[in-house]
Amino acid sequence: MPPILQEALKRYDSGKNIHLEDLKNLVRIPSISFDGFSPENVRRSATSVAELMRKRGLENVQILEVDGAHPYVYGDWLHAPGKPTLLLYAHHDVQPVGREELWKTPPFEPTERDGRLFGRGTADDKAGIIIHTATIASYLESSGKLPVNVRVVIEGEEEIGSTHLSKFLERYKDRLKADAMVLTDTQNYDAGLPALTVSLRGLVAFEIEVRAHQKSMHSGMWGGPVADPVMALSKMLSTLTDAEGRIQVAGIWEQVRSVTTDEEKAMAELPFDLAEFRRQASLLPNTRLLPARDGQVKPLQQMWREPSLVINAISASSRKGAANIINDSAWAKVGIRLVPDMDPEKTYRLITEHLKRVAPWGVELHFKKDDGAPAWGTRAQGPAFEAAQRALEKGYGRKPVLMGCGGTIPFVEPFSKALGGAPALLIGVEDPYTNAHSENESMLLSDFESAIRSMIHFYADFGGAL
């Protein structure tokens, strides 16, 4: 083992509690990027990330602005002549907390319990930030140099679809030149089993509001002849899937690329236990798993290579304020995960046209679309992927697997194109028990440490120090 690598690993082991505290400090900032939450908290988060990057040895640290966007943070270290350059990505914004009463501990007070760190953003994705800063600091504090050049970008609006990404790329593309990207925003296949993510589903999300009259009214005095917009919306949404939960909007499945024999073989080779999957998903005892397009239950294929449609939220009046009324309106947010060959704009058009066709009783419809993102995939070939797989095995003590991910990272495809197709290495510390985007989000502390050790190995390997 080269001395530079040995010293970096030693330095991390002696200072790992410092980096864990760095993570906890970031988690305490409620950097929710969604409309209706304080943008100042996201800016405060960006400022804290910038301060941390400077403290851990990065140079040229700046908060990068784009009109209307939550702030990005940039830093670099470019003193390894003749060595490759890595573009390192994570995001500092987080999801809303959901139902706060379901959290066992406060969402923005990081809490260690049963070997995990609980709190909003612990895994998604503030741990991703610390993987970068801890790796960089471990080298700079031990030998004063890195085996590679690095450029670090920490985004502030990934959770709301990276809305201003194209403007960011146009304005700051000169700061993003690199030979490979490392994105620390995905999950391991299982706790303790590392993975490289080689495919992501895309996303189209939109809001629909149904209105039938100008005000809510007494359900006894007016019920019968007056249309109920909540019932209308319920009827409309129920037509989006068949009795088995499969999307049944005309034109959707015609876009879907068939699963190849090689893909089926690769999924079949992964360790998978249906009973364990049910436990990971926290399914109630009598809840059935829904079938794939062909009628069989194939969870990996369904999550990685088939589209899915979910009602993310639905609202009419409120549970606390429920009264005997006919509501004046009903609202829902709908999300559709996309797979290869599905076009976000076409998918949105097909679904909204379907909803307009099935709307009953002449109700009035209003739509609001979020920015969409296409699916992404790569072939895990070449020096960067080979180095990453060796590094993950050394960091975790187990060979990594290649897997798909049902989630979406809008950043990946545009940045890969901007870098001329540079390889994108997707890793992370989430696992099937993380509860990302839900209540009681958590991260396995041992995997957090293994991920950092893996990246220390990767810098040395990819930089040619081995």
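**Close-up views of a predicted model**

**View 1. Strand 8 and its pairing partners.** In this predicted model, strand 8 pairs with strand 16 (residues 401-405) in the parallel sense, and the two are joined over 5 bridges. Within this pairing, alanine 195 is found opposite valine 401 of strand 16. Strand 8 also pairs with strand 15 (residues 376-377), here in the antiparallel sense and over 2 bridges, with leucine 200 standing opposite tryptophan 376 of strand 15. Because 6 of the 6 residues of strand 8 (residues 195-200) are buried, that is, under 20% relative accessible area, this strand is largely enclosed by the rest of the structure.

View 2. The strands follow the order 11-13-9-14, and their pairing is antiparallel. At the edges lie strand 11 (308-315) and strand 14 (364-369), each of which pairs on one side only. On average, neighbouring strands of this sheet are turned by 20 degrees against each other, direction ignored. Strand 11 is paired with strand 13 (residues 329-338) over 7 bridges in the antiparallel sense, and serine 315 has tryptophan 331 in strand 13 as its bridge partner.

**View 3. Two helices lying across the sheet strands.** Helix 6 (residues 229-238) lies across strand 9 (202-211), strand 11, strand 13 and strand 14, and runs at about 15 degrees to strand 13. Helix 10 (residues 344-358) lies across strand 9, strand 11, strand 13 and strand 14 as well, running at about 165 degrees to strand 14.

**View 4. Helix 3, a buried helix.** Helix 3 (residues 126-140) has 15 residues, and from its first C-alpha to its last it reaches 21 Å, close to the 21 Å expected at 1.5 Å a residue. Since 15 of the 15 residues of helix 3 are buried, this helix is largely enclosed by the rest of the structure.

Notes: Residues are numbered from 1 along each chain as its sequence is written. This is a predicted model: local features need pLDDT of at least 70, side-chain atom pairs count only at pLDDT 80 or more; totals for chains, interfaces and linings use all residues. Side-chain values use heavy atoms; hydrogens and water are left out. Helices (H or I, at least four residues) and strands (E, at least two) are DSSP runs, numbered from the N terminus. The expected span of a helix is 1.5 Å times one less than its number of residues. Buried means under 20% relative accessible area, exposed over 50%, partly exposed in between (1.4 Å probe, protein chains only). Two strands pair if DSSP finds at least two bridges between them. Axes are lines fitted to C-alpha atoms, for helices over the stretch in contact, and angles run from 0 to 180 degrees between N-to-C directions. Contact means heavy atoms within 4.5 Å.
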